[in-house]
Amino acid sequence: MPDFAEIKRAAGGMLAAETYGAVYDAACGVEKGDILEIGTAHGAATIALARGLKDRGHDGKVLTIDKISGGSREAFGDVEANLRIINGNFDKFDVAGKIDFHVGTSWDIAAQLPEGLEIGLLMLDADGAIDRDFRLFYNAVLPGSPIIIDDYMPDFVRLYRRGRTVRVDQKRRLTALLIHYFEEKGLLHATRLVGETWFGKKPERVTGKVEFDLGEIAEVYRRLTFADAELHNPLAEFIGNATRKFPGLHKALKRIYTK
Ligand SMILES: C[S@@+](CC[C@H](N)C(=O)[O-])C[C@H]1O[C@@H](n2cnc3c(N)ncnc32)[C@H](O)[C@@H]1O
């Protein structure tokens, strides 16, 4: 069994170690096709997925896509610097041969993926726009295959204070709204939640080509117009940001604050 806490630590994983365990289990169950992941970051989930395939002797690969620029990746340098970190992590866990890493957005890379790609597991952990990635890849997912989507938190809106302005982050709320929409359409079936990560599958009976209704999807986005959220105490927020690099301390302080 891989050491998921070590994978999380070494590859700067943004999910809980327990979640990487569940991701690994899902990869171990893949029977056919390749795995597609959107949102590699520094490769923690990618490594868990690749180890799952490798440990089961599955000959498929993990195709993984990340733009590795802007957002959370900026703190680590430019694309080249991020690439060095990612390749180093894949080597460290001896899974480089099981992974095809593509630099770019999912939209840019979709056309470069092999024609006739069969996806035996889809993992989305990018920017919450799961409708875009479903339009690009859902039809290539084999019926009955696992789908894993991170950042599922219904009605959760995060506010970040930056000086006199406040940044509103509705990624988790958007993800949950879109998952609920696709569940209602019969295109997703939930199996379990691990922390903020939704685990489910493409139902077996969805065997034909699905056309996505952009008008209906726009209605889901329209629900983002208004949201309620709580602004934290500025001192707590300052301490929270300052301790983010030390996850143990950060979690302990957060527990005290939440109480
Ligand atoms: C939350 S992180 C992924 C965390 C990672 N799965 C882990 O286990 O640590 C989200 C990543 O998605 C990437 N991203 C955001 N939008 C994207 C897009 N449209 N296409 C590809 N990558 C994207 C970001 O660059 C970032 O590295």
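Glu196 is partly exposed, with a relative accessible area of 31%, in what is a predicted model. Its partner in a salt bridge is Arg172, and the closest N and O atoms of the two residues are 2.9 Å apart. This pair links distant parts of the chain, since Arg172 belongs to helix H7 (residues 171-184) whereas Glu196 sits in the loop between strand S8 (189-194) and strand S9 (197-201), 24 residues apart. Arg172 has a relative accessibility of 19%, and because buried means under 20%, Arg172 counts as buried.

How many salt bridges does the structure hold? There are 15 salt bridges in the structure, and a second one that can be followed in detail joins Lys54 to Asp94, with the closest N and O atoms 3.4 Å apart. Here too the pair links distant parts of the chain, with Lys54 in helix H3 (residues 44-55) and Asp94 in the loop between helix H4 (79-92) and strand S3 (99-103), 40 residues apart. Lys54 is partly exposed at a relative accessible area of 35%, while Asp94 is exposed at 54%. A further salt bridge connects Lys209 with Glu211, where the closest N and O atoms are 3.5 Å apart, and both Lys209 and Glu211 are exposed. Elsewhere, salt bridges that share partners bring Glu6, Arg9 and Lys92 together in one network.

Now turn to the ligand. Which residues come nearest to the ligand? Of the 20 residues around the ligand, those that come nearest are Met14, Tyr20, Gly39, Asp66 and Asp125. By class, the shell around the ligand consists of seven nonpolar, six polar and seven charged residues. A polar backbone atom of Met14 is 2.9 Å from an oxygen atom of the ligand, and a backbone N or O atom of Gly39 lies 3.0 Å from a nitrogen atom of the ligand. With Arg132 the side chain takes part, as one of its N or O atoms is 3.4 Å from a nitrogen atom of the ligand. The ligand has 610 Å² of accessible area on its own, and the protein covers 93% of that area. Strand S1 (34-38) and helix H3 are the elements that give two or more residues to the shell around the ligand.

In the loop between helix H2 (17-28) and strand S1 the reader will find Gly33, which is buried, with a relative accessible area of 17%. The C-alpha atom of Gly33 is separated by 9.6 Å from that of Ser145, although the two residues are 112 residues apart along the chain.

The last stop is a nonpolar patch on the surface, formed by Leu235, Phe238, Ile239, Phe246, Leu249, Leu253 and Ile256, which together have about 720 Å² of accessible area. Helix H9 (234-243) and helix H10 (247-258) each supply at least two residues of this nonpolar patch.

Conventions
Residues numbered from 1 in each chain as written. Predicted model: local features only at pLDDT ≥ 70, side-chain atom pairs only at ≥ 80, totals over all residues. Heavy atoms only, no water. Salt bridge = Lys/Arg side-chain N within 4 Å of Asp/Glu carboxyl O. Helix = DSSP H or I, 4+ residues; strand = E, 2+ residues; numbered from the N terminus. Buried < 20%, exposed > 50% of the residue type's maximum accessible area, 1.4 Å probe, protein only. Near = heavy atom within 4 Å. Polar contact = N/O pair within 3.5 Å; in protein donor to acceptor, adjacent residues only side chain to side chain. Areas by Shrake-Rupley, 256 points an atom, 1.4 Å probe, with all protein chains shown as cover. Nonpolar A, V, L, I, M, F, W, Y, C, P; charged D, E, K, R; others polar. Patch = residues over 30% accessible without salt bridge, like charges linked within 9 Å, V, L, I, M, F, W, Y side chains within 5 Å.
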